[in-house]
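This report concerns the overall fold of a protein chain and the surroundings of its ligand. Please consult the sequence and the structure shown below.

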Amino acid sequence: SLLLEGKVAMISGAASPRGIGLATARMFARHGAKVVVLDLDEKAAAEAAASIGPGHRGYACNVADRDACQKAADRAVADFGRIDILINNAGITQPVKTLEIDPASWDRILDVNLRGVLYLSQAVIPQMKKQGGGSVACMSSVSAQRGGGILGGPHYSAAKAGVLGLAKAMAREFGPDNIRFNCVTPGLIDTDITSGKLDDAKKAEIAATIPLNRLGKADEIAGAYLFLASELSGYITGAVIDVNGGMLIH
Ligand code: NAD
């Protein structure tokens, strides 16, 4: 049966063809949701939305821009009348070490991965309150939990760890409004975020160290988001779901 019939879902960072966001948009659409794809480029967002079927929308929205987040939320309400689900998925990474993190890189990584979660949540929460509830899922990473994944520098680990604290605090604050906040912490997922940073030999080497002996697929993160977005997880808030093939077991 359809898990998201009649729901409206907004997903940030969802235009990348092989990315987790678009895989999630596609899965949500299959489960009956109307989807709003957000990404940096309006044309890419609109094309991504069109690629998952009729009736979906794509808007330009830089999540680090507070006005842009508010405009995207207003536009979604104008187009669909409601927002039931928010997936704070947009993110960027940079493989550098501590002594190489310059101020501009710190700002860039923190702005998209952490500040963006605050801004887009702030834009959507009042509408969810009005509707009597909602579900928000936020993208963290195994690198938040173990101090570095494979690709992210310490600033990325810090940003993704910040997401865990922010989401847990919002879960506490908005529980009485029936708005749930949860996080996913993926291990290494085969998307274009690794392109130019990891070759096939390096991927195979990493896969050998993972209990399930492979990288994860974008659809396997989409599945966790689907669970968190749907009423199957109706009593789950403030939780963190590991989707890492056993890379971190704790
Ligand atoms: P991806 O690069 O394919 O997708 C990221 C998307 O975010 C892109 O479409 C990009 O255009 C968009 N984006 C970047 N900056 C943005 C901004 N300021 N505003 C709006 N959109 C923006 O990579 P992905 O692997 O699908 O990554 C999705 C999320 O998953 C990211 O938050 C990433 O940090 C996280 N993550 C990925 C992995 C992995 O191994 N792939 C592991 C853990 C966490």
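In this predicted model, 50% of the 250 residues of the protein chain count as buried. The radius of gyration is 17 Å, which agrees with the value near 18 Å that a compact globule of 250 residues would have. Along the principal axes, the C-alpha atoms occupy a box of roughly 45 × 40 × 35 Å. Among contacts with a separation of 6 or more, 71% join residues 24 or more positions apart. The secondary structure consists of eight helices and seven strands.

The ligand is surrounded by 29 residues, and Gly13, Ser16, Gly19, Gly91 and Thr191 are the closest. In terms of class, this shell holds 15 nonpolar, twelve polar and two charged residues. The elements below each supply at least two residues of the shell.

| Element | Residue range |
|---|---|
| Helix 1 | residues 20–30 |
| Strand 2 | residues 34–39 |
| Helix 4 | residues 103–131 |

How many residues of helix 1 are buried? Ten of the eleven are, and the helix is thus described as mostly covered. The buried set comprises Ile20, Gly21, Leu22, Ala23, Thr24, Ala25, Arg26, Met27, Phe28 and Ala29. Their packing partners are strand 1 (8–12), strand 2, helix 2 (42–51), strand 4 (85–88) and helix 8 (218–229). After helix 1 comes Gly32, which has a positive phi near 95°.

Conventions: Residues numbered from 1 in each chain as written. Predicted model: local features only at pLDDT ≥ 70, side-chain atom pairs only at ≥ 80, totals over all residues. Near = placed C-beta within 6 Å. Helix = DSSP H or I, 4+ residues; strand = E, 2+ residues; numbered from the N terminus. Nonpolar A, V, L, I, M, F, W, Y, C, P; charged D, E, K, R; others polar. Buried ≥ 20, exposed ≤ 12 C-beta atoms within 10 Å, placed from the backbone. Contact = placed C-beta atoms within 7 Å. Rg over C-alpha atoms; globule rule 2.2 N^0.38 Å.
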